[in-house]
Amino acid sequence: MSSQNRRSPQGAFTLIELLVVIAIIAILAAILFPVFAQAREKARQTSCLSNLKQLTLGWIMYAQDYDENFPQWKWGENFKSSWGDQGSVSPNNATTLWTNAIFPYVKNAQVYYCPSDARGLSGRDTFGGWFVWDDTLIGFPLVLQEAKMSYGANEPITDGRTGLAAMDRPAESFLIADMNTPLSGWAGFDNWVAAENANAPADDPRRTNVIMRIAFPKGPACLGTPFSDNGGDLYYNQSPTLAQLTPNADTCARHSNGNNIGFADGHVKFTQAKATLNRLYGVK
């Protein structure tokens with residue numbers, strides 16, 4: 001037998017070489033997988049931005065048809081009885097809630113859902129404690145009862161604070177955003193109004209508080225104590241200063257360290273969680 005036949009085939013890997021290749025592949029995977037995850041999240045964020053653009057335009061088209069007024073929802077007038085009363089029925093059948101009011105302009109239930117929202121709550125889940133779910137009484141189109149909901153509105157605007165034509169800074173006044181609840185609540189609004197009326201400086205504490213429900217849509221459980229104490233009262237009813245937030249609070253945003261927000265002039269943009277301050281209420 002010749003010496004050529006006794007040699008290993010040309011180009012064959014040794015065990016050491018094979019292990020080196022496997023190690024290199026593992027290192028590359030460890031480097032690239034986070035990049036792929038970030039790319040997927042960026043795609044979801046862009047899809048969410050598109051959803052909010054359509055919803056924001058729905059708000060503006062509604063205002064153009066209703067004498068520059070936005071959809072209105074005043075608890076004292078539109079809701080028959082007290083909060084949490086499962087036997088209550090809305091006198092206007094919830095038709096003026098922003099989700100329902102703008103639906104004829106949007107005509108697509110899927111745009112109410114952000115693909116980065118892991119909760120997967122339907123319209124019934126989101127509004128479940130507010131209404132009796134009887135199709136003969138509730139003004140929710142069936143498609144919105146079943147659709148997933150991820151966004152919330154500027155509650156002071158829905159309470160008659162101002163219309164589109166009366167806004168002096170529409171580009172700084174949010175209409176709708178990534179949110180934990182369908183309405184933003186009022187936490188921090190009075191402080192903002194007081195600071196505006198007093199012409200307070202930019203560093204006034206009344207201006208530097210965070211609108212919690214917009215800034216941190218993952219909710220009080222994500223933020224932890226003290227925000228999850230007492231059923232999340234601090235999260236839902238107060239507007240803390242940036243100094244009160246934990247260093248990792250940004251992780252409770254929906255998209256990396258921030259959220260998408262639609263404004264009254266029609267533009268939509270990504271905003272860092274810690275930049276979601278009282279001034280975004282915009283109205284007085």
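Trainee: Is tryptophan 98 buried or exposed, and what is its relative accessibility?

Mentor: Start with the idea: buried means under 20% relative accessible area, exposed means over 50%, and partly exposed is in between, using a 1.4 Å probe and protein chains only. At 2% relative accessibility, tryptophan 98 counts as buried. Keep in mind that this is a predicted model, where local features need pLDDT of at least 70, side-chain atom pairs count only at pLDDT 80 or more, and totals for chains, interfaces and linings use all residues. Residues are numbered from 1 along each chain as its sequence is written, and side-chain values use heavy atoms, with hydrogens and water left out.

Trainee: How many of the residues count as buried, as a percentage?

Mentor: Of 284 residues, 45% are buried.

Trainee: How many helices and strands are there?

Mentor: Both are DSSP runs numbered from the N terminus: helices are H or I with at least four residues, strands are E with at least two. This protein has twelve helices and four strands.

Trainee: Back to tryptophan 98: which ring does it pair with, and how is the pair arranged?

Mentor: Rings of Phe, Tyr and Trp (its six-membered ring) pair if their centres lie within 6.5 Å; planes under 30 degrees apart are stacked, over 60 edge-to-face, and the rest tilted. Eleven aromatic pairs turn up in the whole structure. Take tryptophan 59 and phenylalanine 70: their ring centres are 5.7 Å apart and their planes sit at 55°, so that pair is tilted. Both tryptophan 59 and phenylalanine 70 are buried. Your tryptophan 98 pairs with tyrosine 112, with centres 6.0 Å apart and planes at 25°, so this pair is stacked. Tryptophan 98 lies in helix α4 (residues 98-101) and tyrosine 112 in the loop between α5 (103-106) and α6 (123-127), so the pair ties together parts 14 residues apart in sequence. Tyrosine 112 counts as buried, at 0% relative accessibility. Ring pairs also join Trp59, Phe70, Trp98, Phe103 and Tyr112 into a cluster.

Trainee: Which cysteines form a disulfide?

Mentor: The rule is a pair of cysteine sulfur atoms within 2.5 Å. That gives one disulfide: cysteine 222 with cysteine 252, sulfur atoms 2.1 Å apart. The link is left-handed, with -90° about the S-S bond. Cysteine 222 is in helix α11 (residues 220-223) and cysteine 252 is in the loop between α12 (233-237) and β3 (258-263), so parts 30 residues apart in sequence are tied together. Cysteine 222 is partly exposed at 33% relative accessible area, whereas cysteine 252 is buried at 1%. Cysteine 48 is in no disulfide; its nearest cysteine sulfur, that of cysteine 114, is 3.5 Å away.

Trainee: What does serine 173 touch?

Mentor: A contact means heavy atoms within 4.5 Å. Leaving out residues up to four places away in sequence, serine 173 touches Met167, Phe263, Ala264, Leu280, Tyr281, Gly282 and Val283. Serine 173 is in the loop between α8 (155-158) and β2 (174-178), and it is buried, with a relative accessible area of 1%.

Trainee: And where does isoleucine 27 lie?

Mentor: Isoleucine 27 lies in helix α2 (residues 15-65), and it is exposed, with a relative accessible area of 51%.
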